[in-house]
Amino acid sequence: MGSIRMSRCCECKQLVDKYLEFDSVLLWTDISLMKVQAWRHALLNALTTKYVVAFCLQILVPSLLLEAYISAPGGSSQFSLRAIEVVSEFCIFILAVVLLTAIFLCDLERLPRVIGACVMTSFPKLLLFLTIVWNSASSLLWFVRVHSLISMAIALYVISTYGKKPGTLALKAISVAFVSTTLATAFKMWLTSKLNTFV
């Protein structure tokens with residue numbers, strides 16, 4: 001049987017990555033609580049293409065469809081239009097994050113991790129299941145959007161500071177997350193106005 005031997009940092013004598021021993025549920029709990037060390041483990045040690053694809057199928061697609069269902073006021077007749085809006089918003093968000101990361105953080109080799117981070121920040125959208133039980137969709141949707149924005153800033157900070165001195169990278173990561181979210185929301189509002197003219 002193989003065993004994992006935990007490495008210790010030469011400088012501070014702390015465990016290098018304590019999340020190697022953690023169950024995935026505990027890891028995702030710490031990620032949703034925005035612990036930087038959990039994000040660091042998920043993005044730098046555990047993130048693989050297979051993991052991102054599995055996460056997309058299991059969490060991202062259902063959460064985007066759920067957001068579309070909740071934002072469709074007319075029920076099933078409006079669902080397809082809202083699904084187009086939500087998926088388009090997410091695609092614009094990924095595109096904006098990738099472009100702004102390449103421009104401001106100048107880190108093209110880490111772009112696959114940035115895309116993985118975009119996918120992982122959709123995890124809080126699963127809280128929208130609660131709006132089916134409680135009829136307070138607007139306040140919970142606001143909370144989910146703010147949580148996703150802060151999570152994206154943390155993820156970009158973790159990716160951009162790996163192997164570098166943090167310096168002003170934290171501010172740049174927050175700026176990229178905020179501008180990307182704003183661009184995606186503005187695009188969704190524009191698309192909504194255009195799609196409503198067809199209905």
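The points below go through the helices, a surface patch and the aromatic pairs.

1. Some ground rules. This is a predicted model, in which local features need pLDDT of at least 70, side-chain atom pairs count only at pLDDT 80 or more, and totals for chains, interfaces and linings use all residues. Residues are numbered from 1 along each chain as its sequence is written, and side-chain values use heavy atoms, with hydrogens and water left out.

2. Helix α1. Helices here are DSSP runs (H or I, at least four residues), numbered from the N terminus. In α1 (residues 24-32), the residues Leu27, Trp28, Asp30 and Ile31 are buried, where buried means under 20% relative accessible area, exposed over 50%, and partly exposed in between (1.4 Å probe, protein chains only). Viewed down the axis of α1, these buried residues fall within an arc of 160°, so they line one face of the helix; the arc is taken from the directions from the helix axis to the C-beta atoms. Met34, which follows α1, has a positive phi, near 65°.

3. Helix α5. You will find this helix mostly covered, with seven of its 10 residues buried. They are Leu111, Val114, Gly116, Ala117, Cys118, Val119 and Met120.

4. The nonpolar patch. Tyr69, Leu127, Phe129, Leu130, Ile132, Val133, Trp134, Trp142, Phe143, Val146 and Ile150 make a nonpolar surface patch of about 1100 Å². Patch residues have over 30% relative accessible area and no salt bridge, and nonpolar side chains (Val, Leu, Ile, Met, Phe, Trp, Tyr) are joined within 5 Å; a salt bridge is a side-chain nitrogen of Lys or Arg within 4 Å of a carboxyl oxygen of Asp or Glu. Areas come from the Shrake-Rupley method with a 1.4 Å probe. Two or more residues each come from α6 and α7 (137-161), and α7 gives the largest share, four residues. Leu127 sits in the loop between α5 and α6 and is partly exposed, at 36% relative accessible area.

5. Thr131. This residue lies in helix α6 (residues 130-133) and counts as buried at 8% relative accessibility.

6. Aromatic pairs. The structure holds two, counting rings of Phe, Tyr and Trp (its six-membered ring) whose centres lie within 6.5 Å, with planes under 30 degrees apart called stacked, over 60 edge-to-face and the rest tilted. Phe90 and Phe93 form a tilted pair, 6.3 Å centre to centre with 40° between the planes, and both are buried. Phe187 and Trp190 form a tilted pair at 5.8 Å and 35°; Phe187 is partly exposed at 24%, as is Trp190 at 46%.

Conventions: Patch = residues over 30% accessible without salt bridge, like charges linked within 9 Å, V, L, I, M, F, W, Y side chains within 5 Å.
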